[in-house]
Amino acid sequence: MCQHDCEACFGDHIEEECGVFGVFAPGEDVARMACFGLQALQHRGQESAGIAVGDGETMLVHKDLGLVTQVFTEASLSALTGEVAVGHVRYSTSGGAGTWDSAQPHVFNIDDMLIALAHNGTLVNANALRPELVEVGEHLRSNTDSEVAAKTIGYMTRKTHSLRKGIRAMMTRLKGAYAMILATPDSLYAFRDPNGIRPLCVGKLPDDRGWVVASETCALDSVGAEFVRDVEPGEIVRINNEGFYAEQGVEPGRRAACIFEYVYFARTDSVMDRQVVYHARRKMGRVLAQESPVEADLVLGVPDSGIPGAIGYAIESGIPYSDGIVKNRYVGRTFIQPTQEMRQMGIRIKLNPLPSVISGKRLIVIDDSIVRGNTSKKLVEMLRDAGAKEVHLRIVSPEVKWPCFYGIDTDTQDQLISANLTLEEQCQFIGCDSLAYISLEGLHSAIKIDHPGLCDACFTGDYVVPIPEPMQKRSFFQPGQQEKSRAAFGF
């Protein structure tokens, strides 16, 4: 089930693509450890889950559509024995949504050696590489960019006669965002794009029992591993019986960690670039209270990701915080429903306001972001039906006006409410009494990290990796398109 359970669950929110986990620990139950790690990363993807295990000679994989607890049983985990494992949870943003072939890890052979690859991110040049791979004889089973990466590694490894060189050659070809973990029957590799867009960290198990690599530190915590460091942009890490080895695969580029990891994607107990995510989100709420104050009786947070910001807003403003929206934690993700109407109906199953708390009150409601606005509109209606006197919506991210091409599902520009409507028109469409977003400067000030580089292209249109023209034509406004989009919003 979704950890955040706000707009993301209703098809009206930014979504993350996936989470990756790897472990090298001879003598340990690596499959079960990978399962625990994936459960800790379940908030990053709920479409499919998979684990591949190497026993020194070969690899076995078990993957399927569904949540981690649905895909893995005691019997399936017991069958996966070995010394190295790589796991993946997926929320699709490019290619093969809802198909078994799109589930990861991708397992493929390089001559007589089996390889398993798990990928978080999106490659902007996958479509350009796909026909090149087909031309040299590589067979592609799915439409995912992750398989393109796997096949590129295979081809380049055969060409250079070295897996390490094959990975390096692949990194010179791929453009976009990637945090990848690769397992051979006896080794674990981890590598990251030269801009460090998607997160990847390394941990060590107690008593030198092994190493763990994961998208977030919360997954390290789940198996008792101690955080060591992040995989650096453009770096390749290799772990096997010879120990821990790291080298620069490609030269690092402009640092551009995804800013939405701090706003929404990462679990609140994770640490990224030495910044505790919870503290960053609470500071966002404080900054938002300074920038956009309003007279009210209560501050509410949309569960779960809006709650830290709501607490920060309440502390800064002096207005009491209250749990006025109750979340049902035992309902599946409603984004899988086949129509937008059914997804919107799901909000009444997922979230329920407390009339005894909010009736007659002027409310400040804190959420992490607005993409299309449909669910925010439904939420405001629910709060008014429960007796709210006023509803003032405050958002701890700036307006999302540009699509993301690096592993986030933000659709096309014509579906982004902030790209089509003014702030006043958005407020009118949603039906709230006032609406305000945190400023970009305010958001940056709330995130205290070890480096200055953050990707905020969804707010600014400043893309660190150039976007191919065909992708631009599909995603950006074309002549006359914005007028049609405004009409769809009722303006």
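Predicted model: local features only at pLDDT ≥ 70, side-chain atom pairs only at ≥ 80, totals over all residues.
**Confidence.** The average pLDDT of the protein is 90. A score of at least 70 is reached by 91% of the residues.

**Helix α10.** This helix spans residues 307-317. Its buried residues are P308, G309, A310, G312, Y313 and A314. What do they pack against? The partners are helix α9 (277-291) and the strands β18 (298-301), β21 (362-367) and β22 (390-395). Just after α10 comes G318, with a positive phi of about 80°.

**Cavities.** Rolling a probe the size of a water molecule over the atoms shows where empty space is left. In the whole structure, 4 cavities of 30 Å³ or more are found. The table sets out two of them.

| Cavity | Volume | Lining residues by class |
|---|---|---|
| Largest | about 130 Å³ | 9 nonpolar, 2 polar, 6 charged |

The largest cavity has 17 lining residues. Which of them lie nearest its centre? They are R192, P199, L200, M272 and D273. Three elements each supply at least two residues of this lining: β15 (257-258), α8 (260-265) and β16 (271-272).

The second largest cavity is lined by residues from several parts of the sequence, including I197, R198, C258 and I259. C404, Y406 and I408 also line it, as do C455, D456, A457 and C458.

Technical notes. Residues numbered from 1 in each chain as written. Heavy atoms only, no water. Buried < 20%, exposed > 50% of the residue type's maximum accessible area, 1.4 Å probe, protein only. Helix = DSSP H or I, 4+ residues; strand = E, 2+ residues; numbered from the N terminus. Contact = heavy atoms within 4.5 Å. pLDDT = per-residue confidence, 0-100. 1 Å grid on protein atoms, 1.4 Å probe; cavity = no way out; pocket = protein on both sides within 12 Å on 5 of 7 lines; lining within 4 Å. Points joined across faces, edges and corners; volume = space filled by probe spheres on them. Nonpolar A, V, L, I, M, F, W, Y, C, P; charged D, E, K, R; others polar.
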